[in-house]
Amino acid sequence: MTEKALRLGTRRSKLAMAQSGQVADAVSQVTGRPVELVEITTYGDVSREHLAQIGGAGVFVAALREALARGEVDFAVHSLKDLPTAQPDELVLAAIPEREDPRDVIIARDALKLTDLPRGARIGTGSPRRMAQLNAYARAHGMDIETVPIRGNVDTRIGYVTKGDLDAVVLAAAGLNRIGRSDEVTDFLSVDTVLPAPGQGALAIECAADDADLVAALAELDDPFTRAAVTAERSLLAALEAGCSAPVGALADLLDDGQSVKEMRLRGVVGTTDGSTLVQLSTTGPVPETHEAATALGRELATEMLAQGAAGLMGERAL
């Protein structure tokens, strides 16, 4: 008799279904059990309001977590950057698999790169973080751009460019890679130009904390370096008391000397959306070997950023 299928809760978007499908295959391999996708519509999927107005990216998570709590699904897959930093006691992040490319990219008309865009170019993004950094870059390099707030799935966003409404849109490299559309990218934005969102490119696999067997099985998919990096990034976000939609960028990367990984560098940025003011700092320390050490790295950098005036740049601070 075949074992009962595990139920994986996922959002219905093409991207969510693609990444959940990849996780389902991996979970099947480690558990030997079939995995079925359970599609769940979230408030973030049906609302047309801008994310900042409806509570940030966390609106994509609530419905999945409610389905977990009610026992309608056994585990759920989230884009880690959508997860609020506070973790409910009854749920556990059982696995954070190896991260995809964390960078942002642009898809522009006529295959243009960021630096080739004409004066007055209109660039679409729904992210205050991207707006702040793109506008700051433009100011520093004598470019004249206009950032335009947009929402919608990948097709909708790219459609703004192909229809001629916008000159370019900004998207995450990881999402395009997962749905097989990275060949449409016209420019990869260096993390020195635009720091990604905390956790960008990483997935979170969440299940009930009291399901010890499932927690142990899912843990086989965990990548310790990715977990340490995103824990530090999310700790920075939490210590700045900023929500998922605040203009905060963070990236922890591993520094190696050619032979082995020696240290972790954490970079953070917060700025006004017009790019007139940015606080951008970094710190480097030993690769964190515990959750507490990774959290401490993020808190330490947040403290320095707050001392430099970061709090005043985030608009409404999350309560």
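Q: Where is the place of Asp110?
A: In this model, which is predicted, the place of Asp110 is in the loop between strand β5 (104–108) and strand β6 (121–124). Phi of Asp110 is near 55°, which is a positive value in a residue other than glycine. Ala111 belongs to the loop between β5 and β6 as well, and Ala111 likewise has a positive phi, of about 55°, although it is not a glycine.

Q: Is Asp110 buried or exposed?
A: The reading rests on the relative accessible area, where buried means under 20% and exposed means over 50%. Asp110 has a relative accessible area of 61% and is therefore exposed, and Ala111, with a relative accessible area of 57%, is exposed too.

Q: How do strands of a sheet pair?
A: The strands of a sheet pair through backbone hydrogen bonds, and the pairing can be either parallel or antiparallel. In this structure, five strands form an open sheet in the order β2-β1-β3-β10-β4, and the pairing in that sheet is mixed. The edge strands are β2 and β4, each of which pairs on one side only. Ignoring direction, neighbouring strands of this sheet are turned by 35° against each other on average.

Q: How many bridges join β1 to β2?
A: Six bridges join β1 to β2, and the two strands run parallel; within β2, Val35 is the residue that stands opposite Leu6. At β4 the sense of the pairing is antiparallel, with four bridges between β4 and strand β10 (residues 203–208), and there Leu93 stands opposite Glu206 in β10.

Q: Why is strand β4 largely enclosed by the rest of the structure?
A: A residue counts as buried when its relative accessible area is under 20%. Four of the five residues of β4 (residues 91–95) are buried, so the strand is largely enclosed by the rest of the structure.

Q: Which residues are buried in helix α4?
A: In α4 (residues 62–69), the buried residues are Ala63, Leu64, Arg65, Ala67 and Leu68. What covers them includes β1, β2 (35–40), β3, β4 and β10. The helix lies across β1, β2, β3, β4 and β10, and it runs at about 165° to β3. Just after α4, Gly71 takes a positive phi of about 80°.

Q: In what order do the three strands of the other open sheet stand?
A: The three strands stand in the order β11-β12-β13, and their pairing is antiparallel. The edge strands are β11 (248–256) and β13 (278–286), each pairing on one side only, and the twist averages 15° from one strand to the next. Strand β12 (residues 261–271) and β13 run antiparallel and are joined by nine bridges, with Met264 having Gly285 in β13 as its bridge partner. Helix α9 (residues 224–239) packs on this sheet, touching β11 and β12, and its direction makes about 145° with that of β11.

Q: Where is empty space left?
A: Rolling a probe the size of a water molecule over the atoms shows where empty space is left. Here the count comes to one cavity of 30 Å³ or more, and the largest cavity has a volume of about 80 Å³. The elements that give two or more residues to its lining are β1 (6–11), α1 (14–31) and β3 (75–79). The lining includes Thr10, Arg11, Ala16, Gln19, Phe60, Leu64, His78 and Asp82, and by class it has five nonpolar, five polar and two charged residues.

Q: Which residues is Asp222 in contact with, leaving aside its neighbours within four places in sequence?
A: Asp222 is in contact with Ala94, Ala95, Ile96 and Arg227 once those neighbours are left aside. Asp222 is found in the loop between α8 (212–218) and α9, and at 22% relative accessibility it counts as partly exposed. The C-alpha atoms of Asp222 and Pro97 are separated by 4.7 Å, although the two residues are 125 residues apart along the chain.

Q: Where is Asp155 found?
A: Asp155 is found in helix α6 (residues 154–162), and at 37% relative accessibility this residue counts as partly exposed. Leaving aside its neighbours within four places in sequence, Asp155 is in contact with Lys14 and Arg181. The C-alpha atoms of Asp155 and Ala5 are separated by 32 Å, and these residues are 150 residues apart along the chain.

Definitions and conventions. Residues are numbered from 1 along each chain as its sequence is written. This is a predicted model: local features need pLDDT of at least 70, side-chain atom pairs count only at pLDDT 80 or more; totals for chains, interfaces and linings use all residues. Side-chain values use heavy atoms; hydrogens and water are left out. Buried means under 20% relative accessible area, exposed over 50%, partly exposed in between (1.4 Å probe, protein chains only). Contact means heavy atoms within 4.5 Å. On a 1 Å grid over the protein atoms alone, a cavity is a set of points where a 1.4 Å probe fits but cannot get out, and a pocket is an open set with protein on both sides within 12 Å along at least five of seven lines; lining residues have an atom within 4 Å of a point. Grid points are joined across faces, edges and corners, and a volume is the space filled by probe spheres set on the points. Ala, Val, Leu, Ile, Met, Phe, Trp, Tyr, Cys and Pro count as nonpolar, Asp, Glu, Lys and Arg as charged, and the others, Gly among them, as polar. Two strands pair if DSSP finds at least two bridges between them. Axes are lines fitted to C-alpha atoms, for helices over the stretch in contact, and angles run from 0 to 180 degrees between N-to-C directions.
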